[in-house]
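Subject: Model handover and notes

Hello,

Here is the model I said I would pass on. My notes follow below it.

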Amino acid sequence: MGIKFESVSFTYQPQTPFAYQALENVSLEIPTNSYTALIGHTGSGKSTILQLLDGLLIPTEGLITVNDCRITPQTKQKTLATVRSQVGMVFQFPENQLFEQTVLADVMFGPLNFGKSKEAASRLAKEALRLVGLPDDLWQQSPFELSGGQMRRVAIAGVLALEPKILVLDEPTAGLDPKGRLEIMQMFAQLYQAKKLTVILVTHQMEDVLRYANNVIVMDTGKVVKTTTPLTLFADEKWLKQHQLATPKVIQFVQKMKQNGIELTALPTNVTELADLLMQKIKIEGDRQNDE
Amino acid sequence: MMNKLIVGRFLPKDSFVHRMDARAKVLLSIAYIFIIFEATNWLGYLIMGLFTIAVTSLTKVSLKTYIQGIKPLIWLITFTVFIQMFFAPSGHVLWNYWIFKVTDIGLLNAVYVLVRFILIIMMSTVLTLTTSPLAIADALEYLMKPLLKIKFPVYEVSLMLSIALRFVPTLMDETERIMNAQRARGVDFANGGIIKRVKALVPILIPLFTNAMKRAIELGDAMEARGYQIDKPRSRYRILVWHRRDTMACLVFGLLLIILIIIKHFI
């Protein structure tokens, strides 16, 4: 179960002078019900991995297992529909894929394609629109009349309406304002908790990786270079520097304190935790001084 | 899908043909299409074939690439060749069935059409593989200059042309992205009857048009903000330089034409 890549390679436009190998012998495993962050530089092969596990691309070599489906270089395009019905994929700038006349019709589009009845599709669409927090007076409007943030919500609802077991997010908050970013990321975190999803997040926001993910895969030039938990990853200052990855602000703060001789008992994943740890520290220090 | 098309794509390299002036290449490519019609017999086509292969070897791109470039157009070529073969109006009949008949002249013509097609595609591939789209646009602008006399908007057209060329790959990427997004939502482009497939295009075309519109507005604003005014004289950044190798290439083409004319009339 879960997702498994076994020595997968992928080359774009093979056997032409434009051939480009995006993945080289990648093996990785994403357990069911994990929140996995996929990070790495632009062009490291993250998006290719996402497209492979949704059956949008077929590997040139190797085997991919998504739940019960096996994808090999010989797999025919036709058989990939089952994979796609299980994987919900939110692309970068998903608002660019809206096309229907009304918001509701656009969200219903996916479920209808996967063979749901009109009633069921409409019920799923309304549920998804409520989940993303789009006010219901907008449901009958044209998606092109909405603001950028609202359009993105509609697009995300269109994916959630498919009721995917695996949710793939390719930089879902790119280009949003801080408030919108937080709201959307919180929504995905709640969905992850409530629906027991497997979430795969591609992002350049290390804060989000630290805060929401419980599993990290680091990619570099078409290879997996590390699989670990966010806290272990960000604790290794030297390795991060070597691979030119940013450190989240909270961790930077903790490191600065450590340089000045103040050491915390654990690493925080967000500001609230940092405050708690600091309070603890202050209490302990205070108690010690009282004892003396 | 589109990835397989080699014609129309630019492959940056350093070769004799790459270094040639874009104007020379555009002119010679057009001239080539006229020259090839001067080849009317086996010898003529042999010379044209050898010449074309020689040119492709000058580009430092393998011959295999050019052959791959022909593959996507194979159906068009086959169709034309078969029409030539089955509907020849004259000649000695070799085979006959209903309205189809194959004659010796028809067969010969079919082979000529096939060779002509392949050679023209190869030469156009040479042009696009070795010349950057912007250089082609610059060359066309230069070559269109005489049209200024009849009040043809040469600069505007060439601006449109270079913007269009610039955005071809961007729009292709975007098409691919939108297609993927809709496939992830269950659209099936590969199966079903013709009506189903045409309907499946709606979720691609509408976003593509609206995005192109948005992009055009943004680009227009950005151009105005950077001081672009229509109808104002402008200087140019990329300057085309005619070298001796370009003159030489023209002379070689002239020589080729003369040889073909001699073969046509005297052999």
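Which residue in S5(A) is the bridge partner of Val66(A)? It is Cys69(A). Please keep in mind throughout that this is a predicted model.

The four-stranded sheet of chain A

That bridge belongs to the pairing of strand S4 (residues 61-66) with S5 in chain A, which is antiparallel and made over three bridges. The two strands are part of an open sheet of four, ordered S2-S1-S4-S5 in chain A, with antiparallel pairing. Strand S2 (20-30) and strand S5 (69-71) of chain A are at the edges with a single partner strand each, so each has one side without a neighbour in the sheet. On average, neighbouring strands here are turned by 20° against each other, direction ignored.

Inside the sheet, S1(A) is joined to S2(A) by seven bridges, and the two run antiparallel. Tyr12(A) has Tyr20(A) as its bridge partner in S2(A). S1(A) is also joined to S4(A), by five bridges and again antiparallel. There, Ile3(A) has Val66(A) as its bridge partner in S4(A).

The six-stranded sheet of chain A

Chain A also has an open sheet of six strands, in the order S6-S7-S8-S3-S9-S10, and its pairing is mixed. Its edge strands are S6 and strand S10 (223-228) of chain A, each of which pairs on one side only. Neighbouring strands in this sheet are turned by 15° against each other on average, direction ignored.

One parallel pairing in chain A is that of strand S3 (residues 35-40) with strand S9 (residues 215-220), over five bridges. Ile39(A) has Val218(A) as its bridge partner in S9(A). H5(A) lies across S6 and strand S7 (166-170) of chain A, and its direction is at about 170° to that of S6(A).

Salt bridges

Side chains of opposite charge can pair when their charged atoms come close. Over all chains, the structure holds 14 salt bridges. One of them is between the side chains of Glu183(A) and Arg153(A), at 2.5 Å from N to O. This pair links distant parts of the chain: Glu183(A) is in helix H6 (residues 178-195) and Arg153(A) in helix H5 (residues 148-160) of chain A, 30 residues apart.

The loop residue Thr102(A)

Thr102(A) is in the loop between strand S6 (87-90) and helix H3 (103-113) of chain A. What does Thr102(A) touch, not counting residues up to four places away in sequence? The residues are Trp139(A), Gln140(A), Gln141(A), Ser142(A) and Pro143(A). Thr102(A) and Trp139(A) are 37 residues apart in sequence, with their C-alpha atoms 6.8 Å apart. A polar atom of the Thr102(A) side chain also lies 3.1 Å from the backbone nitrogen of Ala105(A).

The interface between chain B and chain A

In the interface, 25 residues of chain B are in contact with 26 residues of chain A. The area buried between the two chains is about 2300 Å², and carbon and sulfur atoms give 58% of that area. On the chain B side, Arg183(B), Ala184(B) and Arg185(B) lose the most area to chain A, together 31% of what that side buries.

How many salt bridges are counted between chain B and chain A? The count is one. Arg185(B) forms a salt bridge with Asp106(A), where the closest N and O atoms are 3.1 Å apart.

The elements of chain B that give two or more residues to the side touching chain A are helix H4 (63-70), helix H8 (154-184) and helix H9 (194-225). H9(B) gives the largest share of that side, seven residues. By class, the side of chain B that touches chain A has 12 nonpolar, nine polar and four charged residues.

Regards

Methods
Residues numbered from 1 in each chain as written. Chains lettered and ligands numbered in written order. Predicted model: local features only at pLDDT ≥ 70, side-chain atom pairs only at ≥ 80, totals over all residues. Heavy atoms only, no water. Contact = heavy atoms within 4.5 Å. Buried area = accessible area lost by both parts, 1.4 Å probe. Salt bridge = Lys/Arg side-chain N within 4 Å of Asp/Glu carboxyl O. Nonpolar A, V, L, I, M, F, W, Y, C, P; charged D, E, K, R; others polar. Pairing = 2+ DSSP bridges. Axes fitted to C-alpha atoms, helices over the stretch in contact; angles between N-to-C directions. Polar contact = N/O pair within 3.5 Å; in protein donor to acceptor, adjacent residues only side chain to side chain.
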